[in-house]
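Q: Could you take me through this model feature by feature, giving the general idea before the particular case?

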Amino acid sequence: MTIKQVAEITKGELLGNLESNLISQLAIDSRQIIHPSRSLFVALKGAKADGTVFIPQLFELGVRCFLVPKNYKPKEDTASYVAVEDTRAALQALAEFQRNQFQKPIVSITGSNGKTIVKEWLGQVLSQKFHVAKSPKSYNSQVGVPLSIFGIEKDHQVAILEAGISKSGEMAALEKMIQPSLGIFTNIGTAHQEGFENQEQKISEKLSLFEHSKLLIYCKDHSFLAFQIANTFPEDKLIAWSDEPGSDFTRSVKISDHQTKIFLLKSDLSTYTFHVPFRDPASIENITHVLVAALTLGQSSESIQEGLHHLKSIDMRLTLKPGVHESIIIDDTYNNDLAGLKVALDFMQQQRPKNRKVLILSDLLQQGEPDRVYSMVSDLIVNYPLDKIIGVGEDIARIGNHFQGKFEMYPRTEDLLDALDPEQFTNDLILVTGARPFGFERVVNRLQQRIHGTTLEINLNALTHNFNFYKRLVKPETKMMVMVKAFAYGGGAVEIANHLQTMGADYLAVAFTDEGVALRKHGISLPIMVLNPLEESIDLCHEYALEPVVFSPEFFKKVNQYCEVNERSLSIHLDLDTGMHRLGFEEKHLEELKELISKSKHLTIASVYTHLVGADEELHRDFSLEQIHSFQRMKSELEQILPPNTLFHALNSAGIAAFPEYQFDMVRLGIGLYGVEVTGKYGNSLRSISTLKTTISQVKTLNPGETVGYSRKGALPQGGKIATLGIGYADGYDRRFSNGKGYVLIQGKKAPVVGNVCMDMCMVDVSDLDVKPGDEAIIYGEQISLKELASQIGTIPYELLTNISTRVKRVYYLD
Ligand SMILES: *Cc1c(COP(=O)(O)O)cnc(C)c1O
């Protein structure tokens, strides 16, 4: 577009330089300009600042085209200006013009909840088949929609735009710009009620978005909404879905342990079955809109299902984060109903003991008569032992009189923030749960520890999945010991141990006594075995009820002596060396060991085990069997003098997969829990439990010949673009990933490491990507296999996992 066209379309007056470059980008935020010479800056009047104040500095940057209000006096006459009455209306006029250049379907979504998710998911599903444009984030407003429209390119085949309004009269402008061909109305809630006379008026305002659309998808089971839709539009425009028979699509849902199936029966009697990765009703409703829309747009059910496999969930997860002064925050800032509140309270209940339990909650966006809704809320909450409840909103006050003495109340989030002093919280468990409009992320920000850009996210559901996977591989009566040594393979011992405790693990094992002590100090009560206790720490083992492994006659005597002298008893474990040659009694020690056991009055032998050295490799199968047979021989000797309830065990994760017939009484699960199936026997049965991510600190352009980083090792011969990431070898990003050995994922695309990895940073090649500081980079996670990554630098997944520095913040979530 030329500046002259801009003037024509906006009916503005052209000033300054009348000839200018072509404009291909549009910006309203002075910080987001990527190609200054090709950008048109629109000076909007914002809540904080008038856009025109940025013009001089943008001119410095090289921007030459400006859309300005009439009263603005241009200073640089080498720049071009279009002066208009109202810059926002002009922006919208440009968007409308732009929209009319696009002849393909435009899907538009509105409703109270789920707009952004439906947009994101639909985009992901449709992109299996189509080249899709969609509004970024939740750009759905008077200014967000025009910007979204400018993101639609010629070769896109379908565009998905979200439309949101907060008061009456706003939809007309959005409709004019979007002119959707297919509409989706998600549902209606009570958010933004104040901008409307009543519910009916709010619905009819939102419906005006679809005045000219050919089709409209909606759920018939929201009866109030459905009634009004049916009254507004002719029947042939409507596509209704419902759980009751008699609609365009009749749905039924089957939820089992591992997946949810959605069956759709179309009125022409064709049927479809889809598997989706969600269980909660809101997600299932949202995805149903997506399914119906994709079918309506002519996507095949196979292709839709393929898209469903790739669904990335939007961040509306229930997350555990480190808070101020040893507190833990449960972040549930995306919740808005009673069902969600219960899930969050249950999750809170499962956490390890803390000083106080504090609940911070907002009004729910639950439909219904407030007295009834909030009496249900207090009926729910009384079931949970809470020390303090902080309510935010107009309605939540109704529960106050049920919680006299521990209830605090603020009308708005701002009021809470004014009063909220992080110093009031020490070692507390704080559940922050609020409906989206309350913006409770600000509360979480106030209460959480400062974040360093790199985080390790641990998916507790994936952990559960992997635990249960192994549990099903062994007999029901076989006990599960789980290895949480080395900070639970890097995942964070305390939270993972706590989760294992709620899942019903029988035993934990750590490498050193202090690891066990830390678990006890954080309230972990499962029996804990210590693999390599030092003599000096036997006292601590006793004090914290930890069970040391005893691995030689000498050590046995020392532990026994400690108990005799102090008149204490201790549970211990015996390590038998059948080939590892690390620690352990050998067959030649057996007679001596039997004698020691018989003479000891203070020691209880809780278990006896051996460790396989090559259970993960077929190559060593015979050796593993030899080890097992040697263990069986020693076992039958020891059984003569040990009580019948002594546990015998031999299998680690690989052993469970390879030698299920030798489970004995217990197995010792390690790496498998953390998502790596080392034998390859069960391919993709495990879920990856952790994602290591960081952010881009800076983006730089390199000329041919320039080098990157220490020792000038990094080079992009043709020149290009690099991004500097906030992770280095001190965080556990191995230096062997230097110079293209490693790569990270940015926007789902590979960005290879350029140059040497530095201590706290590294650089990656982003020449082909459109990235900016703050963007996320995935170091490893579901999309980057740890096995592959490890083999790239000649190591094993264990090392990558355990190398993640403790300075990297761990957050835990349920998905
Ligand atoms: C670490 C360890 C395990 C667990 O091994 P994985 O290969 O991670 O399953 C089991 N037993 C002992 C003695 C260990 O040291």
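The dialogue below begins with the ligand and then turns to individual residues.

Q: What should I know about the model and its numbering before I start?
A: This is a predicted model, in which local features need pLDDT of at least 70 and side-chain atom pairs count only at pLDDT 80 or more, while totals for chains, interfaces and linings use all residues. Residues are numbered from 1 along each chain as its sequence is written, and side-chain values use heavy atoms, with hydrogens and water left out.

Q: How many residues surround the ligand, and which are the closest?
A: A residue is near a molecule if one of its heavy atoms lies within 4 Å of it. Here 13 residues surround the ligand, and the closest are K485, Y489, S653, I671 and Y798. By class, that shell holds six nonpolar, four polar and three charged residues, where Ala, Val, Leu, Ile, Met, Phe, Trp, Tyr, Cys and Pro count as nonpolar, Asp, Glu, Lys and Arg as charged, and the others, Gly among them, as polar.

Q: Which N or O atoms of the protein lie 2.6 Å or 2.7 Å from an oxygen atom of the ligand?
A: A polar contact is a pair of N or O atoms within 3.5 Å; within protein, one must be able to donate a hydrogen and the other to accept it, and residues adjacent in sequence count only if both atoms are side-chain atoms. In this model a side-chain N or O atom of K485 is 2.6 Å from a ligand oxygen, a polar side-chain atom of Y798 is 2.6 Å from an oxygen atom of the ligand, and I671 contributes a backbone N or O atom at 2.7 Å from a ligand oxygen. The protein covers 94% of the 390 Å² of accessible area that the ligand has on its own, with areas from the Shrake-Rupley method and a 1.4 Å probe.

Q: Which residues does UniProt list for "active site"?
A: UniProt positions are given in the numbering used here, feature names are shortened, and annotations may be inferred rather than shown by experiment. The unreviewed UniProt entry lists K485 and Y710 for "active site". They span 226 residues in sequence and the farthest two C-alpha atoms are 35.0 Å apart, so they do not all gather at one spot. The unreviewed UniProt entry also carries the annotation "modified residue: N6-(pyridoxal phosphate)lysine", which covers K485.

Q: Where are K485 and Y710 placed?
A: Helices (H or I, at least four residues) and strands (E, at least two) are DSSP runs, numbered from the N terminus. K485 belongs to helix α16, residues 485–489, whereas Y710 sits in the loop between β31 (707–708) and β32 (714–715).

Q: Are these two residues buried or exposed?
A: Buried means under 20% relative accessible area, exposed over 50%, and partly exposed in between, with a 1.4 Å probe and protein chains only. K485 counts as partly exposed because its relative accessibility is 23%, and Y710, with a relative accessible area of 59%, is exposed.

Q: Which residues does each of them touch?
A: Contact means heavy atoms within 4.5 Å. Not counting residues up to four places away in sequence, K485 touches A509, V510, A511, E515 and L531, and Y710 touches N756 and C758.

Q: What can be said of H156 in its loop?
A: H156 lies between α5 (144–150) and β8 (158–162) and, at 9% relative accessibility, counts as buried. A polar atom of its side chain lies 2.8 Å from the backbone nitrogen of E153. Leaving aside neighbours within four places in sequence, the contacts of H156 include F102, H131 and G151.

Q: Where is I572 found, and which residues does I572 touch?
A: I572 is found in strand β26, residues 570–576, and its 0% relative accessibility counts as buried. Among the residues that I572 touches, not counting those up to four places away in sequence, are P548, F556 and T604. I572 and T604 are 32 residues apart in sequence, and their C-alpha atoms are 6.1 Å apart in space.
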